[in-house]
Amino acid sequence: MTIWEAVAVLAAGIGAGTINTVVGSGTLITFPVLLAFGVPPVTANVSNTLGLVPGSISGAIGYRRELAGQRGRILLFAAFALVGGLGGAILLLALPSQAFDTIVPVLIAVALVLVVVQPRLAAMIRARRERNGTTAHRYGGPALLLGLMLASVYGGYFGAAQGVIYLSLMGVLLHEDLQRINALKNVLAAVVNGAAAVLFLFVAHFDWTAVALIAVGSTLGGQLGAKVGRRLPPTALRALIVVVGLLAITQLLLK
């Protein structure tokens, strides 16, 4: 890797760490850069996954204020994310790289629709609970836990727009502020990337230069993303999620 290629990978890591913390889909920045510099697809994928782990942790630390009072959710959701992330990593090693090509854009599109209609859906759910005299489930219920685990399977496999899927699921099924949901999303991303990376350490080949550069860049980006993300009002954050998701779909369909 030349000095200019190294600078480009570092910059991509900063960008990925920032966008992952605010929304998700940072993989769509770093992964193509590694491919452009001749890193084989599977090696690029696992190197990218490991390199983004420090960025996810950095973003979660940056959002620690919004995580206050969510310890129970963190532990429960992280357990399901861990199982799903390991399952996705195993699928990456066992299945051809084209296995998810068709379904992934559809998943992201459905997630974007949920993000757009989330305020109305949440209001309808609240009104229904009031009529029935019930209260919101603190942990979102079985549907959310299953959805998070399946989203984590996808995250362990590839992870492009994984954060968008997390935000859409929790936004609909949790009666919670979007910024606090975003903080949870960063923790789950760290768990999934970390679980997949640990498995890959034993069975896959890494480009350690790329890993180091992305790790440094994403750590810086995680702090930057936390500062930017928590300043965005819900409407602006929702609009950014949709824009990033649409870009992800476009890139996946054109690759």
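I181 is in contact with L167, M170, G171 and E176, leaving aside its neighbours within four places in sequence. Contact here means heavy atoms within 4.5 Å. The model is predicted: local features need pLDDT of at least 70, side-chain atom pairs count only at pLDDT 80 or more, and totals for chains, interfaces and linings use all residues. Residues are numbered from 1 along each chain as its sequence is written, and side-chain values use heavy atoms, with hydrogens and water left out.

I181 sits in helix α9. Its relative accessibility is 1%, so I181 counts as buried. The cut-offs are under 20% relative accessible area for buried, over 50% for exposed, and partly exposed in between, with a 1.4 Å probe and protein chains only.

**The chain as a whole**

The chain has eleven helices and zero strands. Read from the N terminus, its elements run α-α-α-α-α-α-α-α-α-α-α. Helices are DSSP runs of H or I with at least four residues, strands are E runs of at least two, and both are numbered from the N terminus.

Of the 255 residues in the chain, 51% are buried. The accessible surface comes to about 11500 Å². Carbon and sulfur atoms hold 71% of that surface. Areas come from the Shrake-Rupley method with a 1.4 Å probe, and for residues only the protein chains shown count as cover.

**Helix α7 and its two partners**

Helix α7 covers residues 141-157, and helix α9 covers residues 178-203. They pack at an angle of about 45°, with their axes 9 Å apart. Axes are lines fitted to C-alpha atoms, for helices over the stretch in contact, and angles run from 0 to 180 degrees between N-to-C directions. The two helices are therefore oblique to each other. Under 35 degrees counts as roughly parallel, over 145 as roughly antiparallel, 65 to 115 as roughly perpendicular, and the rest as oblique.

α7 passes α9 in a right-handed crossing. Right-handed means that the near helix is turned clockwise from the far one by less than a right angle; anticlockwise is left-handed. On the α7 side, the contact uses L148, S152, G155 and G156. On the α9 side, it uses L188, V192, A196 and F200. By class, this contact has five nonpolar, three polar and no charged residues. Ala, Val, Leu, Ile, Met, Phe, Trp, Tyr, Cys and Pro count as nonpolar, Asp, Glu, Lys and Arg as charged, and the others, Gly among them, as polar.

Helix α5 (residues 71-94) also packs on α7. The angle is about 35°, and the axes are 6 Å apart. This crossing is right-handed. From α5, the contact takes in L76, F77, F80, A81, V83, G84, G85, G88, A89, L91 and L92. From α7 come L144, L145, L148, M149, S152, V153, G156 and Y157. These residues divide into 14 nonpolar, five polar and no charged.

Y157 lies in α7. It is buried, with a relative accessible area of 4%.

**Helices α2 and α3**

Helix α2 (residues 27-36) and α3 have axes that come within 9 Å and cross at roughly 140°. That makes α2 oblique to α3. Their crossing is right-handed. T27, T30, F31, L34 and L35 of α2 meet P41, A44, N45, N48 and L52 of α3. By class, there are six nonpolar, four polar and no charged residues.

N45 is found in α3, which spans residues 41-62. N45 is buried, at 5% relative accessible area. Beyond its neighbours within four places in sequence, N45 contacts F31, L92, Y157 and F158.

**The N terminus**

M1 belongs to the segment before α1 (3-22). M1 is partly exposed, with a relative accessible area of 45%. Not counting residues up to four places away in sequence, M1 touches A6, V9, T209, A210 and L213.

**Pairs apart in sequence**

| Pair | Apart in sequence | Apart in space, C-alpha to C-alpha |
|---|---|---|
| Y157 and V46 | 111 residues | 9.4 Å |
| M1 and F37 | 36 residues | 7.9 Å |
| I181 and E66 | 115 residues | 8.3 Å |
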